[in-house]
Structures are given as structure tokens and as C-alpha cells.
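Here's a quick tour for anyone meeting this protein for the first time. Have a look at the sequence and the model, then work through the points below.

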Amino acid sequence: MNGERNAVTLQVSMEELSPLMISCLDEGKEVLLTVTGNSMAPFLRHSRDQVVLKKPADQTALQPGEVPLYRRKNGQMVLHRIVERDDGMKRCLYGECEPLQSMHSSSSLTYTMLGDAQTQREPNIHPEQIVAVATAFVRKGKRWDCCGTAYRRRSLRWHKLMPIRMSLVRLWHLLHGVKNRVKAVLKITRR
């Protein structure tokens, strides 16, 4: 087979996939998952985009802006962006750090997560809940590095739009719907 790999697509629940995925991650392999859900729109789109996941070398070294796959206390696996890192000594928000006047030890490290299409933050995610971190995403066959300057700049700008984010998401959905209706009308008139 002239060097090409045959890919098989299976639809399985995350509960069924987790043991195999974690085994692959523990072996140092990358895992490619298709995005399900809309919480990371507009950066990651449901059923269109895929994320490349890798086990982080150090779950306590992740920084705001990175996108980990983590397990909630109820067992649900979620892929959201880190918007805050608090180690008890300093708190790093997306783009800046500030010292804290606190007596917490560094063992109290927590992350605050937020989906790109959401406004409700999810605080108190502990490093041991982190399963993997996105290193890249694949859209329409092209791989995009999550550490790239353009991607990081774009995600930071999106984060700073937090106060008007829901209005922008609604507008985006409205325009996307109009675009699809126009395409449908044009397709009908061409027949």
C-alpha cells in the first residue's frame, strides 16, 4: 500500500472511547478526535473540525489560552479553554499575571475553563482532571498549530470580547443561517 494509511471512522461514546484514548495518550501517541458540541464555536465547529490531543508533559504547567480535554467530577469529558490559572501565589488570567496576597500553597493549583461560545466560567478544575491538551486542530484537511502566533492572538482577542460574546455568537448563527438559505435558493434556481 504505497505508504498510505487506511482510516476507519467509528462513532462511539466518549465513555467507550476513554480507556483506549487514555492508553494511547499514556504511550505518547497523538489522538485525533472529531469535535462534538458547539461550546467551542467559532474556533471549533461541531462534526466539522477535529482536535489533535497529546498528554501534557506536566499537567501543572498549562497556561491560559491552552485547550485541555478534562474530566469533570461527574465523569463527563470536556474540551474547553483555560482562561485562568491560580496557584495560590499568583493568578494568571488570559494575557497577564498578578501576584496574590494569599497564604495558599502551590499545591492548591486550579484552572478556570470556558468554552469559546460560552460566558459561564467553570472554576476549580484540578491538574489531575486534565487528560490531554490540544496541540492542533484539523479543518477541511488542513492542520493548524494551537501554539501558532496567529491562532493565539485570535483566541486572545475573542476572549477580550467576553462582554459582548453572546451577541456576537447569535449574530454569527444568524448570518450562517442566512448564508445557508441563500445557498439553498441558488441551488434551486440553478436546476
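Let's start in a loop: Ser-47 sits between β1 and β2. Ser-47 isn't a glycine, yet its phi is positive, at about 65°.

Residues are numbered from 1 along each chain as its sequence is written, and side-chain values use heavy atoms, with hydrogens and water left out.

**How confident is the prediction?**

- Mean pLDDT for the protein is 85, and 90% of its residues reach 70 or more; pLDDT is the predictor's confidence in each residue, from 0 to 100.
- Among the protein's elements, β3 has the highest mean pLDDT (97) and β7 the lowest (71).
- Where pLDDT is low, the predicted coordinates should not be read in detail.

- Pro-42 belongs to the loop that runs between β1 (31-34) and β2 (50-54).
- The peptide bond leading from Ala-41 into Pro-42 is cis, and its omega is near 5°.
- Over in strand β10 (residues 130-139) you'll find Arg-139.
- Arg-139 counts as buried because its relative accessibility is 18%; the cut-offs are under 20% relative accessible area for buried, over 50% for exposed, and in between for partly exposed (1.4 Å probe, protein chains only).
- Setting aside residues up to four places away in sequence, Arg-139 touches Pro-42, Phe-43, Leu-44, Arg-48, Asp-49 and Trp-144, where contact means heavy atoms within 4.5 Å.
- A polar atom in the side chain of Arg-139 lies 2.4 Å from the backbone oxygen of Phe-43. For reference, a polar contact is a pair of N or O atoms within 3.5 Å; within protein, one must be able to donate a hydrogen and the other to accept it, and residues adjacent in sequence count only if both atoms are side-chain atoms.
- Next comes Lys-140, in the loop between β10 and β11 (142-145).
- Lys-140 is exposed, with a relative accessible area of 72%, and has a positive phi near 50° despite not being a glycine.

**Helix α1**

- Helix α1 (residues 14-26) has 13 residues and should span 18 Å at 1.5 Å a residue, which agrees with the 17 Å between its end C-alpha atoms. The expected span is 1.5 Å times one less than the number of residues.
- A kink of about 25° is centred on Leu-20 in α1; the bend at a residue is the angle between axes fitted to the seven residues ending there and the seven starting there.
- Ser-18, Met-21 and Leu-25 are the buried residues of α1, and they pack against β1, β2, β3 (68-71), β4 (77-79) and β10.
- After α1 comes Gly-28, with a positive phi near 85°.

- 5 of the 5 residues in strand β8 (residues 110-114) are buried, so the strand is largely enclosed by the rest of the structure.
- Thr-110, Thr-112 and Leu-114 point one way from β8, while Tyr-111 and Met-113 point the other way.
- Strand β5 (residues 81-86) runs antiparallel to β8, joined by 5 bridges; two strands pair if DSSP finds at least two bridges between them.
- β8 also pairs with strand β9 (residues 122-125) in the antiparallel sense, over 2 bridges.
- Met-113 in β8 stands opposite Ile-82, and Met-113 also stands opposite Glu-122 in β9.
- Thr-112 is buried, with a relative accessible area of 9%. Beyond residues up to four places away in sequence, Thr-112 touches Arg-81, Ile-82, Val-83, Glu-84, Arg-121, Glu-122 and Pro-123.

- Glu-98 is in strand β7 (residues 96-99) and counts as partly exposed, at 29% relative accessibility.
- Leaving out neighbours within four places in sequence, Glu-98 is in contact with Lys-90 and Arg-91.
- Asn-74, in the loop between β3 and β4, is exposed, with a relative accessible area of 61%.
- The side chain of Asn-74 reaches the backbone nitrogen of Gln-76 at 2.9 Å.

Definitions and conventions. This is a predicted model: local features need pLDDT of at least 70, side-chain atom pairs count only at pLDDT 80 or more; totals for chains, interfaces and linings use all residues. Helices (H or I, at least four residues) and strands (E, at least two) are DSSP runs, numbered from the N terminus.
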